[in-house]
Amino acid sequence: MQRLSVKEDSSGGGGNGGTWLLELDGLGVKYGPIEAVKDFSLEVGAGEIVTLLGSNGAGKSSTLNAIVGLAPKSGGRVLFDGQDITSDQTDRIVKKGITLVPEGRRVFSDLTVEENLRLGGATRTRQDFAAMLPEIFDLFPVLNSRYSALAGLLSGGEQQQLAIGRALFSHPKVLLLDEPSLGLAPIVVASVFDIVERLRDRGVTILLVEQNVERALAIADRGYVLASGRLEMSGGSEDLSAAEIEEAYLGIHTERPS
Amino acid sequence: MNEVVQQIINFLSIGSIYALIALGVALIFSILKLINFAHGELMTFAGYAMFFFHGFGVPWLLLVPIAILSSVVAAVLLERVAYRLLRGAQPLTLLLTSFAVSLILQSGFLLAFGARPKAIEFPIWVDAFFIVGDIRIQWLDIVTFCVTMLIVLTLTVFLRRSITGLALRSAASDFNTTKLMGIHANRVIVGTFVVAGVLAGLAALFYFASTPVVAPKSGFEPMLKGFIATVIGGMGSLVGAVIGAFLLAALEVFVEVTLVGSLDVYVDAIVFGIAVLILRFRPAGLFGLRRIEDVRA
């Protein structure tokens, strides 16, 4: 089976000749009468880290949930590797190679770490799970030491590692991360971003939703900014200014030495 | 002394039947937040299946799997026809629907088989017993208890070790995240109903073996007992369901033994009264940890 460490053969970075790994084309998300996302297009190339920024309620989580079929789409298309997956059910999308680490980690708290991980590998064989386990332990040593503990007893940072580790067992080509640093202590936040970079180095393509604009832009290749469900700006992360985005769209005013 | 041992055996047998029912009710509730009052009708279904196929001279060795299978089929159909359309509906809507389904099934039985109870002719070996000292012990009671314990054990291993079992447990706490594991949501729900059907079928076998007549409303009383057992144990907790079932059986046997003569029509009233008292002080049941939802809201 494809291993994590196998790097996708691609030029990486944006604009690789129209063959995006994940592509949103005019996506709309509607909950009843409420339009959470309007006509949003986004592209993620193989091997990239792309970040999706915006204030609370801007439609970031709705976008990620819509990609994996957990939020109702009201228009547009989702393409994965050129294939239309707009109307696929969640389990099929996961089997094709996209998975989401949801906001708030959502580990199964009354199941053990082992049981959580085994569910992550639900679509795979037992042998595949066993073969993959050392690799996950290597990435997240804490999961090894707390293998039989109830997931609900782990700290926030440990739960985040469990949620990411669990998602990796489905061998995703694209990993959607929804606010992985939310609610974590500053020192743990740094390690989460470190993990995201290491995943990319192992060939996993990442679409990252974050409220920590500066850190997200620091590791991302490109970024998109959503406001009220609409695309406000996008570009290479070196062209996007964290301070500007925070001030214009997140309502954060920070004094920064220039 | 003999009386005590006899009653203990009695208690274990009744408790086992309640436990099988309560487990089915608790399993469906924990995953779908649905109190399936039609669970009793699954048992009635198995009862009529035994009656019907016995009429064709089908041997008992085959009637046992037929009874279980008919409950399973009924459970899966129930999900497909009634509950699937209401996925994610309010718990109260689900509850009312299950009452409706229960009534419709009872009416269906009435139309198909008539109001008069049908006797199910169990083979003689169901009454077989052995004698220890002065105590007459019925094999059926022993089998009922042992099979129930085996089922509890199997179910525990299934829920702990198999991926499907793990998926049932994770779906009980977080359905959407379970889907993100690449697990087909329908498969989890249908799986739940299959397991509940097996439990109802087994419960029906043991229940009708001791009460060998089936009528359209046969399933109501055992279902009520099983439901009360799950409530006492704490809705949604499988361990609680089993303990609640044996507690209810113990109460029932104890009240029955201590009440003199003409008072024994009040057994249910007293037992249910005690259940109400337990809930007065532990509203979430003995093992229920989740907070109680106010259905008036």
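Colleague: Which residues in α8(B) do His39(B), Leu42(B), Met43(B), Ala46(B), Gly47(B) and Met50(B) in α2(B) meet?

Modeller: This is a predicted model, where local features need pLDDT of at least 70 and side-chain atom pairs count only at pLDDT 80 or more, while totals for chains, interfaces and linings use all residues. Residues are numbered from 1 along each chain as its sequence is written, with chains lettered from A and ligands numbered from 1 in the order in which they are written. Helices (H or I, at least four residues) and strands (E, at least two) are DSSP runs numbered from the N terminus, and contact means C-beta atoms, placed from the backbone, within 7 Å. In α8(B), those residues meet Ala196(B), Gly197(B), Ala200(B), Gly201(B), Ala203(B), Ala204(B), Tyr207(B) and Phe208(B).

Colleague: How do the residues of that contact divide by class?

Modeller: Ala, Val, Leu, Ile, Met, Phe, Trp, Tyr, Cys and Pro count as nonpolar, Asp, Glu, Lys and Arg as charged, and the others, Gly among them, as polar. On that basis, the contact of α2(B) with α8(B) has 10 nonpolar, 4 polar and no charged.

Colleague: Are α2(B) and α8(B) parallel or oblique to each other?

Modeller: Their axes come within 8 Å and cross at roughly 60°; axes are lines fitted to C-alpha atoms, for helices over the stretch in contact, with angles from 0 to 180 degrees between N-to-C directions. Angles under 35 degrees count as roughly parallel, over 145 as roughly antiparallel, 65 to 115 as roughly perpendicular and the rest as oblique. The two helices are therefore oblique.

Colleague: Is Tyr48(B) buried or exposed?

Modeller: Tyr48(B) sits in helix α2 of chain B. A residue is buried if 20 or more other C-beta atoms, placed from the backbone, lie within 10 Å of its own, exposed if 12 or fewer, and partly exposed in between. Because Tyr48(B) has 22 other C-beta atoms within 10 Å, this residue is buried.

Colleague: And which residues is Tyr48(B) in contact with, leaving aside its neighbours within four places in sequence?

Modeller: Val188(B) is 140 residues apart from Tyr48(B) along the chain, and their C-alpha atoms are separated by 28 Å. With those sequence neighbours left aside, the contacts of Tyr48(B) are Phe109(B), Phe113(B) and Val214(B).

Colleague: Over in chain A, which residue in β9(A) is the bridge partner of Leu53(A)?

Modeller: Strand β3 (residues 49-54) of chain A has 6 of its 6 residues buried. Strands pair if DSSP finds at least two bridges between them, and β3(A) pairs with β9(A) in the parallel sense over 5 bridges. Within β9(A), the bridge partner of Leu53(A) is Val225(A).

Technical notes
Two residues are in contact if their C-beta atoms, placed from the backbone, lie within 7 Å.
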